Amino acid sequence: MGSLNEDGTTTSFESSPEMVKFLCDRLLDPTQPISERFRALFSLRNLKGPGPRNALITATRDSSNLLAHEAAFALGQMQDADAIPALVAVLNDLSLHPIVRHEAAEALGAIGLESNVPLLENSLALDPAQEVKETCALALNRIEQLKDSGNQSLDEKSPFMSVDPAAPATSSSSVNQLREVLLDEKKNMYERYAALFALRNNSGDEAVSAIVDSLGSKSALLRHEVAYVLGQLQNKDASAALSNILMDRNEHPMVRHEAAEALGSIADDQSVSLLEEFAKDPEPIVSQSCEVALSMLEFERSGKSFEYLFMQAPQVQ
């Protein structure tokens with residue numbers, strides 16, 4: 001487990017074998033509430049070793065598409081090369097929901113090995129889902145950028161402690177220039193993502209306004225990433241736009257899911273009421289996202305961490 005230091009680094013802690021077993025069992029127990037399984041998942045993604053990795057790999061095949069996609073995301077954030085064969089198998093399995101395949105492709109890009117290129121190129125050509133194709137193209141661009149940079153600077157975590165699908169655009173670009181790139185449907189997705197993350201890192205009012213405006217993009221993949229970024233920023237000015245997305249049952253579930261989680265991060269009264277309403281949505285990806293967001297918010301308001309590993313050991317039976 002890691003705790004965040006003032007300089008943005010993390011300090012790692014060893015977890016007991018009993019705790020690891022508890023977390024793995026809790027993650028993979030389908031009788032547990034989805035919020036409890038997410039608590040275990042968020043703890044496991046901060047651990048190394050075959051136990052946490054194998055549990056997360058198993059979870060990528062879970063009947064909950066939300067949990068499965070989050071497990072794939074976690075493996076990418078861990079940048080564990082030993083997870084590559086399992087992630088490739090997920091990416092190639094067209095019986096899985098596109099949101100899960102998309103996250104497997106993004107994870108392969110996050111791990112960043114050049115050996116992943118032909119695997120991603122294959123899915124770019126053959127996967128029927130546009131959001132998966134676009135993710136494969138993004139991942140390929142990220143790997144190419146890593147190779148061209150000649151160092152690991154591209155692979156550094158963002159100020160928000162995430163391994164992003166694209167490196168932020170150069171800091172010399174103005175907010176207006178970044179906005180133009182982000183909103184330009186003719187630009188390739190990597191350039192638009194790079195502009196998005198640069199605007200996120202700027203985080204000023206004009207930058208947030210540009211990000212909100214990009215929720216009108218034609219790409220569901222970009223819209224979902226924009227909602228994710230707005231959740232990272234926790235800016236209340238985005239509440240109305242995110243609420244409209246969550247309420248739109250014609251919107252892609254992956255976009256509504258990210259809007260729900262972002263509203264949970266913003267956590268004003270209107271957002272919480274909306275999450276409570278849509279926790280009954282007929283789309284499980286959406287309803288479960290609302291349930292997890294509400295549970296996370298409850299822990300935060302009680303002054304406790306949502307993750308198990310910050311809890312006291314006696315709570316583990």
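What follows is a short chat about charged side-chain pairs.

A: First, the ground rules. This is a predicted model: local features need pLDDT of at least 70, side-chain atom pairs count only at pLDDT 80 or more, and totals for chains, interfaces and linings use all residues. Residues are numbered from 1 along each chain as its sequence is written, and side-chain values use heavy atoms, with hydrogens and water left out.

Q: How many salt bridges does the count come to?
A: There are 16 salt bridges, each being a side-chain nitrogen of Lys or Arg within 4 Å of a carboxyl oxygen of Asp or Glu.

Q: Where do Glu36 and Arg39 lie?
A: Both sit in helix H2 (residues 34-44), three residues apart, about one turn of the helix. Helices here are DSSP runs (H or I, at least four residues), numbered from the N terminus.

Q: Are Glu36 and Arg39 buried or exposed?
A: Both are buried, meaning under 20% relative accessible area; exposed is over 50%, partly exposed in between (1.4 Å probe, protein chains only).

Q: New topic. What does Arg61 pair with?
A: Asp93, in a salt bridge of 2.5 Å, N to O. Arg61 is in the loop between H3 and H4, and Asp93 in the loop between helix H5 (84-92) and helix H6 (98-111), so the pair ties together parts 32 residues apart in sequence. Arg61 is partly exposed, at 41% relative accessibility.

Q: Which residues do shared partners join into one network?
A: Arg26, Glu36 and Arg39.

Note on methods
Helix = DSSP H or I, 4+ residues; strand = E, 2+ residues; numbered from the N terminus.
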